[in-house]
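The sequence and the structure are shown first.

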Amino acid sequence: MSNNAKKVLFCLAAVFFIAFGVVTYRGYDKMTKYYNSSHSSLNKNAYVEGDAYNFIINGTYATAYFVLGSGFLLTSAVCMTGGLLITAIDGKNEKAAAEGREAAGEELPPL
């Protein structure tokens, strides 16, 4: 059971970390790659006629992407930490079983 949980947590951590990279790049792209031309086919991250309005819109988009990326990074860290904790608890239980004691992770600590 715990071996499957470890695999799932590590896979989720990898997926969320990749999502962090993609979303952070999208935010960086919105923030830095702006070009407004009179020819609409040449526009890059331009939505309206005024440059100031486009900078405000792109800044808002970039902030939203960076916040979303931060959430993905934190979620990835939580999943990775959970997988590492399960690995440590399993190792401790296997060591206790090899020594002939009860599994140390299954009992409550003394008060």
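How far is the sulfur of C79 from the closest cysteine sulfur, and in which residue does that closest sulfur lie? It lies in C11, 10 Å away, which is too far for a bond. The model is a predicted one, in which local features need pLDDT of at least 70, side-chain atom pairs count only at pLDDT 80 or more, and totals for chains, interfaces and linings use all residues. Residues are numbered from 1 along each chain as its sequence is written, and side-chain values use heavy atoms, with hydrogens and water left out.

**Cysteines**

A disulfide is a covalent bond between the sulfur atoms of two cysteines. The criterion applied here is a pair of cysteine sulfur atoms within 2.5 Å, and the resulting count is 0 disulfides. Seen from C11, the closest cysteine sulfur is that of C79, at 10 Å. C79 counts as buried, with 10% relative accessibility; buried means under 20% relative accessible area, exposed over 50%, and partly exposed in between (1.4 Å probe, protein chains only).

**Helix packing**

Helices (H or I, at least four residues) and strands (E, at least two) are DSSP runs, numbered from the N terminus. The helices α1 and α2 pack at an angle of about 160°, and their axes are 7 Å apart. Such axes are lines fitted to C-alpha atoms, for helices over the stretch in contact, and the angles run from 0 to 180 degrees between N-to-C directions. α1 and α2 are therefore roughly antiparallel to each other, a label for angles over 145 degrees, whereas those under 35 are roughly parallel, 65 to 115 roughly perpendicular and the rest oblique.

Two pairs of C-alpha atoms give distances across the chain. Those of I86 and A5, 81 residues apart along the chain, are separated by 8.1 Å. I86 is placed in helix α2 and is partly exposed, at 22% relative accessible area. The C-alpha atoms of Y61 and F10, 51 residues apart along the chain, are separated by 30 Å.

**Aromatic rings**

Rings of Phe, Tyr and Trp (its six-membered ring) pair if their centres lie within 6.5 Å; planes under 30 degrees apart count as stacked, over 60 as edge-to-face and the rest as tilted. The count comes to 4 aromatic pairs, among them the two listed below.

| Pair | Centre to centre | Angle of planes | Class |
|---|---|---|---|
| F16 and F72 | 5.9 Å | 25° | stacked |
| Y34 and F55 | 4.8 Å | 55° | tilted |

The pair of F16 and F72 links distant parts of the chain, 56 residues apart: F16 belongs to helix α1 (residues 2-32) and F72 to helix α2 (residues 51-98). F16 is partly exposed at 22% relative accessibility, and F72 is partly exposed at 21%. Y34 lies in the loop between α1 and α2 and F55 in helix α2, so their pair ties together parts that are 21 residues apart in sequence.

Y61, found in helix α2, is partly exposed at 38% relative accessibility. K30 lies over the face of Y61, 4.9 Å from the ring centre; a charge sits over a ring if NZ of Lys or CZ of Arg is within 6 Å of the ring centre and within 35 degrees of the ring normal.

**The loop residue N45**

Most residues other than glycine have a negative phi. N45 is not a glycine, yet has a positive phi of about 60°. N45 is located in the loop between α1 and α2 and counts as buried at 12% relative accessibility.
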